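Reader: Can we go through this one together? I'd like to start with a helix.

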Amino acid sequence: MASRNPFVRIADQYDGVPPLLRAPLVTRAVGDVIPFVGTAGCFVEAYTSRHVAVRLDNETRLRNHLGGLHAAALALLAETASGLVVALNVPDGSAPLLRTMDVSFEAFAQDAVQADATLTGDETSQIRSRPVGQISVDVTLTAPNDDTTLVTGALTWAWMPEERLANEEKE
């Protein structure tokens with residue numbers, strides 16, 4: 001039976017596609033599910049159940065007063081990578097929801113930045129085995145061609161049945 005989880009469907013749909021074609025197709029598909037990701041210009045570089053990497057280029061509309069990437073854009077990048085790796089593992093019928101975000105800015109982000117979020121096998125099993133839960137995901141932002149850490153973060157994600165989220169919105 002096909003998954004109802006839209007993020008898993010995207011991974012499955014583009015599983016056998018060559019990497020040069022897969023990345024833009026996955027990026028567009030994720031942007032269709034989460035419109036703000038597309039609006040912000042996030043580009044999905046890696047998309048698996050254990051590792052997601054998302055890049056953001058330094059475009060004029062994303063810059064701060066010093067010409068680097070704005071702190072809010074960097075936080076969005078951390079949220080996107082960590083949220084997608086969790087979303088790729090939530091059970092059908094459940095949805096991820098960001099609970100807390102602790103982001104530290106280590107160095108000036110002048111050029112493109114890539115966020116990497118990784119889960120262990122135990123963490124993916126934990127998420128997949130329960131319709132409700134919570135997990136902290138570490139994320140590191142670096143320049144794509146440089147190992148210098150620009151931003152680090154620990155984001156806590158919860159997941160719960162979509163019906164429960166809908167009921168909480170009505171209250």
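Reader: What do the buried residues of α2 pack against?
Author: They pack against α1 (6-13), α3 (35-40), β1 and α4. Packing here rests on contact, which means heavy atoms within 4.5 Å. Helices (H or I, at least four residues) and strands (E, at least two) are DSSP runs, numbered from the N terminus.

Reader: Before we go on, where do these values come from?
Author: This is a predicted model, in which local features need pLDDT of at least 70 and side-chain atom pairs count only at pLDDT 80 or more, while totals for chains, interfaces and linings use all residues. Residues are numbered from 1 along each chain as its sequence is written, and side-chain values use heavy atoms, with hydrogens and water left out.

Reader: Which residues in α2 are buried?
Author: R22, A23, V26, T27, A29, V30 and G31. Buried means under 20% relative accessible area, exposed means over 50%, and partly exposed is in between (1.4 Å probe, protein chains only).

Reader: How many residues does α2 have?
Author: Helix α2 (residues 19-33) has 15 residues. From its first C-alpha to its last it reaches 21 Å, close to the 21 Å expected. The expected span is 1.5 Å times one less than the number of residues.

Reader: Let's take T27. What does T27 touch?
Author: C42, F43 and V44, not counting residues up to four places away in sequence. T27 is part of helix α2. Its relative accessibility is 13%, so T27 counts as buried.

Reader: And α4, is it mostly covered or open?
Author: Mostly covered. In α4, 14 of the 17 residues are buried. Its end C-alpha atoms are 24 Å apart, which agrees with the 24 Å that 17 residues should span.

Reader: How many residues are in the largest nonpolar core?
Author: It has 45 residues, and Y47 and L141 have the most contacts inside it. Helix α4 (residues 71-87) gives the most to this core, with 10 residues. A nonpolar core is a set of buried Ala, Val, Leu, Ile, Met, Phe, Trp, Tyr and Cys residues joined through side-chain atoms within 4.5 Å.

Reader: What does Y47 touch?
Author: Its contacts include F7, I10, V26, V30, L84 and L88, not counting residues up to four places away in sequence.

Reader: New topic: the sheet. What is the strand order?
Author: The order is β1-β2-β4-β5-β6-β3, in an open sheet of six strands with antiparallel pairing. Two strands pair if DSSP finds at least two bridges between them.

Reader: Which strands stand at the edges?
Author: β1 (43-47) and β3 (94-105). Each has a single partner strand, so one side of each is left without a neighbour in the sheet.

Reader: How many bridges join β3 to β6?
Author: There are 11 bridges between β3 and strand β6 (residues 149-161), and the two run antiparallel. One example: S94 has P161 in β6 as its bridge partner.

Reader: Which helix packs on the sheet?
Author: Helix α5 (residues 121-129), which touches β4 (113-118), β5 (133-142) and β6. The direction of α5 makes about 140° with that of β5. Axes are lines fitted to C-alpha atoms, for helices over the stretch in contact, and angles run from 0 to 180 degrees between N-to-C directions.

Reader: Back to β1. What joins β1 to β2?
Author: A hairpin, through three residues. Four bridges also join β1 to strand β2 (residues 51-56), running antiparallel. V44 has V54 in β2 as its bridge partner.

Reader: How many salt bridges are there in the whole structure?
Author: Three. A salt bridge is a side-chain nitrogen of Lys or Arg within 4 Å of a carboxyl oxygen of Asp or Glu. E45 and R55 form one, at 2.2 Å, N to O. E45 lies in strand β1 and R55 in strand β2, so the pair ties together parts that are 10 residues apart in sequence.

Reader: What else does R55 form a salt bridge with?
Author: D57, with the closest N and O atoms 2.9 Å apart. E45 is partly exposed, at 34% relative accessible area, and D57 is partly exposed at 29%.

Reader: And where is the 2.9 Å bridge of E59?
Author: Its side chain meets that of R61. E59 is partly exposed, with a relative accessible area of 30%.
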